[in-house]
Amino acid sequence: MPLYDRIVLYLERAGLYHLARLNTRWFWLNEPLVSAFIERWRPETHTFHMPFGECTITLQDVAYQLGLLVDGLLISGCLTDFEKFMEEDKSAWKWFQELFGELPPENKVKQYIVHFTWFHERFRVLSDDAMEETVRIYARAYIMMLLSTQLFSDKSGNRVHIRWLPFVARLDDMGSYSWGSAALAWLYRYMCRVANRNVTNLAGLLQLLQSWIFWQFPSLKPRGFDTYSFPLASRWATYLPTSDRKEERVVQYRLALDRLGN
């Protein structure tokens with residue numbers, strides 16, 4: 001979705017502006033490289049087991065790589081907490097209608113999930129003369145998309161969960177939450193799922209993982225990306241890995257990781 005200047009203020013207050021900037025030029029994922037690292041992930045310790053020892057992504061990495069807040073209130077997306085934020089026992093969907101001015105059509109809704117195409121189509125164009133309340137609605141829509149399809153993405157990658165209503169309802173308070181720690185926990189959760197079960201599709205903030213790999217393992221980073229900027233992940237904004245010979249490249253990365261202990 002376009003990052004309009006008039007919603008930037010709300011993103012800055014929420015502590016999500018740097019992530020939104022990355023969203024405009026989000027770099028592509030090197031799947032064989034990420035796969036080779038996930039094979040070394042151990043759920044028991046939440047670390048990657050390398051020939052030289054153990055290592056992992058930390059909150060400091062999240063703050064530097066993505067510019068996210070790592071201090072503040074804990075984040076919970078549990079629907080059972082909705083009543084703590086609502087008045088007069090309103091339903092979640094009635095609250096949704098109040099916050100966004102309308103409800104999505106039935107074919108775009110499944111339980112507590114809205115297909116991202118509705119947000120994309122409905123809130124893509126913001127007129128220059130829009131009232132401030134309309135701007136706030138567009139900011140809520142952008143943040144809902146940002147949280148569901150990027151920061152806390154699942155395997156579908158195209159669903160917007162309304163668990164985030166309590167947060168976008170109070171845009172000015174969003175900056176008091178630790179978005180970075182929640183995003184890191186979400187990534188840990190999905191890496192553990194892949195390691196513990198017969199799961200083939202990984203989800204979560206995988207660009208964080210890949211950017212961390214490039215910074216911590218210089219021998220694996222792509223050539224020609226030498227310009228430093230903040231957040232650090234923006235360095236790889238134009239990175240586009242090849243999609244050829246994926247299985248062969250996984251083997252090559254495995255061997256490269258094995259040689260790190262020498």
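**Briefing: cavity, pocket and buried helix faces**

The largest cavity has a volume of about 40 Å³. This is a predicted model, and the count of cavities of 30 Å³ or more comes to one. The protein chain holds eleven helices and six strands.

**The cavity**

- Met1, Pro2, Tyr4, Ile7, Phe123, Leu126, Tyr138 and Tyr142 line the largest cavity.
- By class, that lining consists of eight nonpolar residues, with no polar and no charged ones.
- Rolling a probe the size of a water molecule over the atoms shows where empty space is left.

**The largest pocket**

- The volume of the largest pocket is about 1,100 Å³.
- Its lining is made up of 37 residues, of which Leu29, Glu31, Leu202, Leu206 and Gln207 are the closest to the centre of the pocket.
- Two or more lining residues come from each of α3 (31–38), α6, α7, α10 (206–216) and α11 (246–258).
- The lining of the largest pocket divides into 18 nonpolar, twelve polar and seven charged residues.

**Overall dimensions and packing**

- Along the principal axes, the C-alpha atoms of the protein chain fill a box of roughly 65 × 40 × 35 Å.
- The radius of gyration of the protein chain is 20 Å, which agrees with the value near 18 Å that a compact globule of 262 residues would have.
- Of the 262 residues, 47% count as buried.
- Taking contacts between residues at least 6 apart in sequence, 68% join residues at least 24 apart.

**Helix α5**

- The buried residues in helix α5 (residues 92–100) are Ala92, Trp95, Phe96, Leu99 and Phe100.
- These residues lie on the same side of α5, because they cover an arc of only 115° around the axis.
- An α-helix has 3.6 residues a turn, so residues three or four places apart point the same way.
- The cover over the buried residues of α5 includes β5 (113–115), α6 (116–122), α7 (132–151) and α8 (165–168).
- Glycine 101 follows α5 and has a positive phi, near 85°.

**Helix α2**

- In helix α2 (residues 17–24), the buried residues are Leu19, Ala20 and Leu22.
- Seen down the axis of α2, these buried residues fall within an arc of 155°, so they line one face of the helix.
- Among the elements that cover the buried residues of α2 are α1 (5–14), α4 (59–66) and α7.

**Tryptophan 164**

- Tryptophan 164 sits in the loop between β6 (159–161) and α8.
- Its relative accessibility is 3%, and tryptophan 164 therefore counts as buried, the cut-off being under 20%.
- Leaving aside neighbours within four places in sequence, tryptophan 164 is in contact with Ile75, Met144, Leu147, Ser148, Phe152 and Trp179.
- One of these partners, methionine 144, is 20 residues away from tryptophan 164 along the chain, and their C-alpha atoms are separated by 6.7 Å.

Technical notes: Residues numbered from 1 in each chain as written. Predicted model: local features only at pLDDT ≥ 70, side-chain atom pairs only at ≥ 80, totals over all residues. Heavy atoms only, no water. Buried < 20%, exposed > 50% of the residue type's maximum accessible area, 1.4 Å probe, protein only. Helix = DSSP H or I, 4+ residues; strand = E, 2+ residues; numbered from the N terminus. Arc of directions from axis to C-beta. Contact = heavy atoms within 4.5 Å. 1 Å grid on protein atoms, 1.4 Å probe; cavity = no way out; pocket = protein on both sides within 12 Å on 5 of 7 lines; lining within 4 Å. Points joined across faces, edges and corners; volume = space filled by probe spheres on them. Nonpolar A, V, L, I, M, F, W, Y, C, P; charged D, E, K, R; others polar. Rg over C-alpha atoms; globule rule 2.2 N^0.38 Å.
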